[in-house]
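Please examine the following model, with attention to how its parts meet one another.

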Amino acid sequence: MVDNALSPHGGTIIERLEEPKAAKERIKGLPSLPIRSQLAREVVSIGYGYFSPLEGFMTQADVDSVVKKMTLASGYVWSIPIVFDVEERQIQELGVKQGDTLLLTYEGNPLATLDIEEVFSYDLDVMAENVYGTKEDKHPGVRRTRAYAGRFLGGKVTIVNPPKINPPFDRFFYPPRLLREEFSRRDWKRVVAHQTRNVPHTGHEWLMKGAWFEANADAVLVNAVIGEKRAGDYIDEAIIVTHDALRTAGYFAENIHMTSLLFWDMRYAGPREAVFHAIVRKNLGCTHHMFGRDHAGVGTYYDSYAAHRIFEELPDLGIYPVKAFEWFYCPECAGIAYEEQCGHKEAAQRFSGSLIRSIIQDGVQPPRLLFRPEVFELVMESAEKYGGGSPFVTESYLERGDPVMTVPAL
Amino acid sequence: MSEETFPINIWINEERLEALNKAGVAGMTKDVLAGLKVIQVPANPSQRDDLLKRYPMAKCDTATTKTIELLPREVKDQLLELVLKKGSVDVVGDLLASLS
């Protein structure tokens with residue numbers, strides 16, 4: 001019987017980072033395999049301990065247990081398979097077998113090693129249906145699952161060449177050990193996590209402040225997900241600098257707010273992804289996690305509050321879910337209000353991140369009661385500086401945008 | 001029972017407000033969201049589906065506002081031109097006809 005309440009998950013932050021001198025020796029003569037950006041991000045997240053207790057990519061027993069029981073084979077709760085997929089052709093070309101070590105390269109340079117414990121296959125339909133609750137290709141997580149190459153390599157990952165996190169992201173890169181040290185330095189014992197992939201509007205700000213109250217927290221940790229982007233999303237640079245601006249512009253006091261990032265490609269797995277987010281943020285040192293409506297959902301695949309209810313079915317995860325409900329802009333109160341608290345429901349003016357994006361896209365500055373002017377200025381500044389004039393992801397941003405991380409030559 | 005419609009929000013900046021004033025139809029705007037001005041152009045379900053298919057980056061915000069958002073700015077400009085020309089917000093059919 002394992003204790004899921006341990007913080008970090010499993011009781012220890014798993015850091016798998018080789019010393020630079022030893023790294024050069026370690027990789028000599030290893031067959032190398034170039035990896036795509038999603039896998040590179042997951043290698044970084046594993047190596048720095050965000051995914052503790054994982055030490056590497058899952059073996060079949062872990063995958064099967066996660067898919068069917070939402071636990072690792074060891075019994076610790078885990079909701080999303082973390083897998084390394086590879087073409088059968090590549091296995092043949094490299095002559096890969098159990099017991100071998102591969103050098104994983106990213107953009108031509110060594111990033112990490114993978115000690116192969118198992119080469120296996122898994123039924124992708126079973127994986128998709130259990131994790132996402134659907135087999136429809138319209139679901140982006142199902143599409144991602146079906147796009148996996150036919151085979152998987154399970155085994156431990158060790159970073160041999162730490163990536164360089166590029167500006168403006170570098171000052172927000174706090175891996176779990178470092179972030180826990182920072183919390184300790186600031187004497188933050190109760191920290192509520194806010195998951196984001198959006199530029200903040202005042203609805204977000206209100207929810208974060210509400211969660212801070214509800215958790216009786218010392219601070220709010222904004223943890224921005226940095227991963228694959230789609231055309232029309234806000235550019236990552238705008239997301240991270242605007243969240244930080246809520247503090248620097250005084251909407252949050254200096255000593256109760258911090259912005260950080262997580263390398264992760266959203267799966268849109270709704271309640272299962274909420275569990276994953278909770279575990280990762282616990283590893284970062286958070287004690288609470290805010291979940292709004294439709295957390296990590298997509299379309300109409302999940303009930304609006306499925307991500308709230310799933311925690312009632314699980315053992316104590318050592319991080320407390322703070323549940324946020326409906327809110328709106330109330331012209332009578334002249335501010336954001338909670339539906340349960342405000343008596344002017346007939347006057348409610350509802351808005352969303354998409355609606356704010358739509359306003360900005362039309363060349364209009366949203367009113368300050370919906371969108372802080374400092375945030376708007378930074379969105380437009382980021383557009384010029386990083387987005388080729390647009391604060392939203394365009395085809396040219398996807399092709400030529402500056403990378404969030406680069407791996408230097410070793 | 002009347003058919004459900006999904007408004008397209010055309011947000012009004014100074015430039016657009018000037019055009020509306022010139023055409024004498026500035027009264028068609030509504031004040032929403034902390035005083036922000038908007039013209040709402042209704043789309044029926046089949047027009048909504050057609051627009052979302054043509055412009056995959058657009059989305060119908062079914063959860064919160066029931067509006068069609070994130071149409072490209074040039075499409076909004078086209079819609080506004082049609083509103084100014086017709087003096088009516090019933091212009092999505094005209095837009096789609098001009099595109100096919």
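The model is predicted. In chain A, the domain assignment gives domain 1, residues 20-162, and domain 2, residues 170-406. The C-alpha centres of these two domains of chain A are 28 Å apart. Their contact draws on 22 residues of domain 1 and 25 residues of domain 2. On the domain 1 side, the elements of chain A that give two or more residues are α2 (37-47), α5 (124-132) and α6 (140-146). Helix α2(A) provides the largest share of that side, with four residues. By residue class, the domain 1 side comprises ten nonpolar, nine polar and three charged residues.

Within chain A, Val77(A) may be considered in detail. Val77(A) is located in the loop between α3 (60-69) and β3 (85-86) of chain A. The residue counts as buried because 20 other C-beta atoms lie within 10 Å, and 20 or more are required for that class. Apart from neighbours within four places in sequence, the contacts of Val77(A) are Asn4(A), Met70(A), Thr71(A), Val275(A), Leu314(A), Pro315(A) and Leu317(A). Leu153(A) stands 76 residues from Val77(A) along the chain, and the C-alpha atoms of the two are separated by 22 Å.

How values were computed:
Residues are numbered from 1 along each chain as its sequence is written. Chains are lettered from A and ligands numbered from 1 in the order in which they are written. This is a predicted model: local features need pLDDT of at least 70, side-chain atom pairs count only at pLDDT 80 or more; totals for chains, interfaces and linings use all residues. A residue is buried if 20 or more other C-beta atoms lie within 10 Å of its own, exposed if 12 or fewer, and partly exposed in between; C-beta atoms are placed from the backbone. Two residues are in contact if their C-beta atoms, placed from the backbone, lie within 7 Å. Domain bounds come from an automatic or database domain assignment. Ala, Val, Leu, Ile, Met, Phe, Trp, Tyr, Cys and Pro count as nonpolar, Asp, Glu, Lys and Arg as charged, and the others, Gly among them, as polar.
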